[in-house]
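Hi,

Here is the structure I promised to pass on. Have a look at it first, and then read my notes below.

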Amino acid sequence: MTNVYSKNEKKIDTTLAHAGRSPRDFHGFVNPPVVHASTILFPDVETMATGKQTYTYGRRGTPTTDALEAAVAELEGAAGVKLANSGLNAIALACLSCLKAGDHLLVPDSAYGPTRHFADTVLPIYGVQVEYYDPSLDGAVRQHFKPNTSAVFVEAPGSLTFEMQDTPAIVEAAQTVGATVLMDNTWASPLYCQPIPMGVDLSIQAGTKYIVGHSDVMLGTIAASERAWPSLDRIYGAMGVSVGPDDVYLALRGLRTLSVRLERHMKNTLEVIGWLKDRDEVANIRYPALESDPGHDIWKRDFSGASGLFGFDFKNGTTKDQSNAFFNALSLFGLGYSWGGFESLAIPVRLKGARTVNLPDPNQLSTRLHIGLEDPEDLIRDLGQALDKALS
Ligand SMILES: *Cc1c(COP(=O)(O)O)cnc(C)c1O
């Protein structure tokens, strides 16, 4: 298992409690201050001219943003971390930091929909060629390499369909041609997977999900390897990104309980799945922590846990009306986008037009569930009554 913490003397839960904090710098207060700032004053014109002062302007960082960046960098085993205004913003900035006109970018067919939207609408304008690949190719992704292939995007497990990808094999292939590897690591969070020690250059989190953990903030993080850091730092500084201090603080607060929350998300999810798999209405469960999942071996090798997000397919012959009735009958599960908060959510999976390599079966009706921190018995009862009402 590739885990930065096997090399560190500190265990990851200790890092979660201590990273990014230096109480002695702030009169002993346990947490860093929430610094609201644009202007920062200089003592004299000489200091102003040289810029030799830790903080120079709000957009360039504050003790609050530094604290979250330092904490995430330690968790990710990164050379440096930058904060973004959302997960999608982090993906866009990471791509811009490693691509230029004339380059070719490979993106898995299973990537998060808005990642595809960014890649399709923005990158071509700036002369970057985008190609989608079958996420099951793993190291064989090299068959799509062109002389101008400069970056390979990875997302494991994939959005909505939960395919695992063999990240170390993709890294090995990419390194033969000097291509940058970017990974959307939101599902596992930096707690259950550390892509950078596996050789990934840019590890991206939608902090909106598990880091924040309370469905009340939009935020992204980009963690960079030594190799990718200088370019990320340069592009980021030029793009004018600035995340508000209250949101940064809430992410830092969320981070402290990431481990206890994720442990419970996983336990509840396994309990719900244990019940769901015996239901006649359910054909297939998509969750790499299950031994029956095609991605299980990769998950077991590369990840140290699983989160609360998974999918299932309704049995053949389920109608759209039945599927809709199921969602409408749920009472504890909210119908809404995003996930990673304390509460359970459900969405119907709509893959029509969302894939270009592995075209989905148009008759397949699927669900994505986020299992929250409620008592799983209540969640099971809610799912049971909704399945009974809609599909029996
Ligand atoms: C939600 C999500 C994002 C985007 O995060 P936002 O903060 O909503 O922009 C990126 N990647 C994955 C896998 C996600 O689930």
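Leu-309 has His-370 in β12 as its bridge partner. That contact point belongs to the pairing of strand β9 (residues 309–314) with β12, which run antiparallel and are joined by five bridges. Strands here are DSSP runs of E with at least two residues, numbered from the N terminus, and two strands pair if DSSP finds at least two bridges between them.

His-370 in β12 also stands opposite Leu-345. Strand β11 (residues 345–349) pairs with β12 over five bridges, again in the antiparallel sense.

Before going on, please keep in mind that this is a predicted model, where local features need pLDDT of at least 70, side-chain atom pairs count only at pLDDT 80 or more, and totals for chains, interfaces and linings use all residues. Residues are numbered from 1 along each chain as its sequence is written, and side-chain values use heavy atoms, with hydrogens and water left out.

How many residues of β12 (residues 366–370) are buried? Five of its five are, buried meaning under 20% relative accessible area, with exposed over 50% and partly exposed in between (1.4 Å probe, protein chains only). In a regular strand, side chains alternate between the two faces of the sheet. In β12, Ser-366, Arg-368 and His-370 lie on one side and Thr-367 and Leu-369 on the other, and both faces are covered.

Asn-284 sits in strand β8 (residues 282–286). Asn-284 is partly exposed, because its relative accessible area is 34%. Beyond its neighbours within four places in sequence, Asn-284 is in contact (heavy atoms within 4.5 Å) with Gly-311, Phe-312 and Asp-313.

Best wishes

Note on methods
Helix = DSSP H or I, 4+ residues; strand = E, 2+ residues; numbered from the N terminus.
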